Amino acid sequence: IRRPPRSTLSSSSAASDVYKRQVIDVFNDKDMKSPEKSSQRNQVLREKADRIFDWDEMAKRTLGRHWRDITDEQQKQFIDIFVDFLQRVYLGRIDTFMDQIEGLTYDSVDYLKETKQGRFCMVETVIKIDNNQFPVNYRLVNKDGKWVVYDVSVEGIGLVANYRTQFNDILNRSTFDELIQQLKKRKPEDEKFEGIAVGESARGE
């Protein structure tokens, strides 16, 4: 991956750099590309994502103000269901575009800049696939000296904001239990916001 000058490269951009390198390596592993390796490949990607993503923070932010209205037990339940939902939806889409990312390399990702404010940082990148360019930005927070990702946006569409809008609409007209049931039932093909893993063009909310 093309890095910014050493003087501007902090551990926050280094964290997203490591994750990108690991994901690209999986995508380019010929043994992992076969359909029969789908489960194994997804498991590897989940393990890599678990090391860099703060799922608890991401889940909390998607509920926004509603987070304070639910019990500790419901918060834990939501985190578990939401993380399973994200991984099932997005990793479940990988098989549909594995052939579209042939030749994806470290040079396919350009780091543009990072903006830090206290414990928070945004790392801006561009992913180049064929003749197309897709802006992908990572929002990170420093927890106990480690930078972790709590939000990703593709072409200006943020994952957290996307789901906060959807969940807020459900909770304003229904119940927390109904939200949980909908998350359990939703399928990859139901989602409009796609392509987080590799920067596929995102569509609107």
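Predicted model: local features only at pLDDT ≥ 70, side-chain atom pairs only at ≥ 80, totals over all residues.
Me: How accessible is Lys143, buried, partly exposed or exposed?
Reply: Lys143 is partly exposed, at 32% relative accessible area. Buried here means under 20% relative accessible area, exposed means over 50%, and partly exposed lies in between, using a 1.4 Å probe and protein chains only.

Me: Good. Which side chain does Lys143 meet in a salt bridge?
Reply: That of Asp54, with 2.6 Å from N to O. The two come from distant parts of the chain, 89 residues apart: Asp54 sits in the loop between helix H3 (38–52) and helix H4 (55–63), and Lys143 is in strand E3 (residues 132–143). Helices (H or I, at least four residues) and strands (E, at least two) are DSSP runs, numbered from the N terminus. A salt bridge is a side-chain nitrogen of Lys or Arg within 4 Å of a carboxyl oxygen of Asp or Glu.

Me: And Asp54, buried or exposed?
Reply: Asp54 is buried, with 11% relative accessibility.

Me: What does Asp54 do at the N-terminal end of H4?
Reply: Asp54 caps that end, with a side-chain oxygen 3.3 Å from the backbone nitrogen of Asp56. That is a polar contact, meaning a pair of N or O atoms within 3.5 Å; within protein, one must be able to donate a hydrogen and the other to accept it, and residues adjacent in sequence count only if both atoms are side-chain atoms.

Me: Which residue follows H4?
Reply: Gly64, with a positive phi near 55°.

Me: Back to charges. How many salt bridges does the structure hold?
Reply: Six. One of them pairs Glu57 with Arg61, whose closest N and O atoms are 2.8 Å apart.

Me: Why are Glu57 and Arg61 about one helical turn apart?
Reply: Because they are four residues apart in helix H4. Glu57 is buried at 16% relative accessible area, while Arg61 is partly exposed at 25%.

Me: What else does Glu57 touch, leaving aside neighbours within four places in sequence?
Reply: Lys143 and Tyr150. Contact means heavy atoms within 4.5 Å.

Me: Which residue forms a salt bridge with Arg173?
Reply: Asp169, with the closest N and O atoms 3.2 Å apart. Arg173 is exposed at 57% relative accessibility, and Asp169 is partly exposed at 43%. Since they are four residues apart in helix H7 (residues 159–173), about one helical turn separates them.

Me: Which residues do salt bridges with shared partners join into one network?
Reply: Asp54, Glu57, Arg61 and Lys143.

Me: Switching to the nonpolar side. Which residues have the most contacts inside the largest core?
Reply: Phe78, Phe82 and Leu86, in a core of 42 residues. The largest share of this core, nine residues, comes from H5. A nonpolar core is a set of buried Ala, Val, Leu, Ile, Met, Phe, Trp, Tyr and Cys residues joined through side-chain atoms within 4.5 Å.

Me: What is Phe82 in contact with, again skipping neighbours within four places in sequence?
Reply: Met58, Ala59, Thr62, Leu159, Tyr163 and Phe167. Met58, Ala59 and Thr62 are also among the buried residues of H4.

Me: Where is Gln75?
Reply: In helix H5 (residues 72–91). Gln75 is buried, at 15% relative accessible area, and its side chain reaches the backbone oxygen of Trp67 at 3.0 Å.

Me: OK, strands now. How many residues of E2 are buried?
Reply: Eight of the ten residues in strand E2 (residues 120–129), which makes it mostly covered.

Me: How do E1 and E2 run, parallel or antiparallel?
Reply: Antiparallel, with eight bridges joining strand E1 (residues 109–117) to E2. Two strands pair if DSSP finds at least two bridges between them. Tyr111 stands opposite Thr125 in E2, and in the hairpin, with two residues between the strands, Gly118 has a positive phi near 65°.

Me: And how many bridges pair E2 with E3?
Reply: Ten, in the antiparallel sense. Val126 has Pro135 in E3 as its bridge partner. These strands form a hairpin with two residues between them, and Asp130 in the turn has a positive phi of about 55°.

Terms used:
Residues numbered from 1 in each chain as written. Heavy atoms only, no water.
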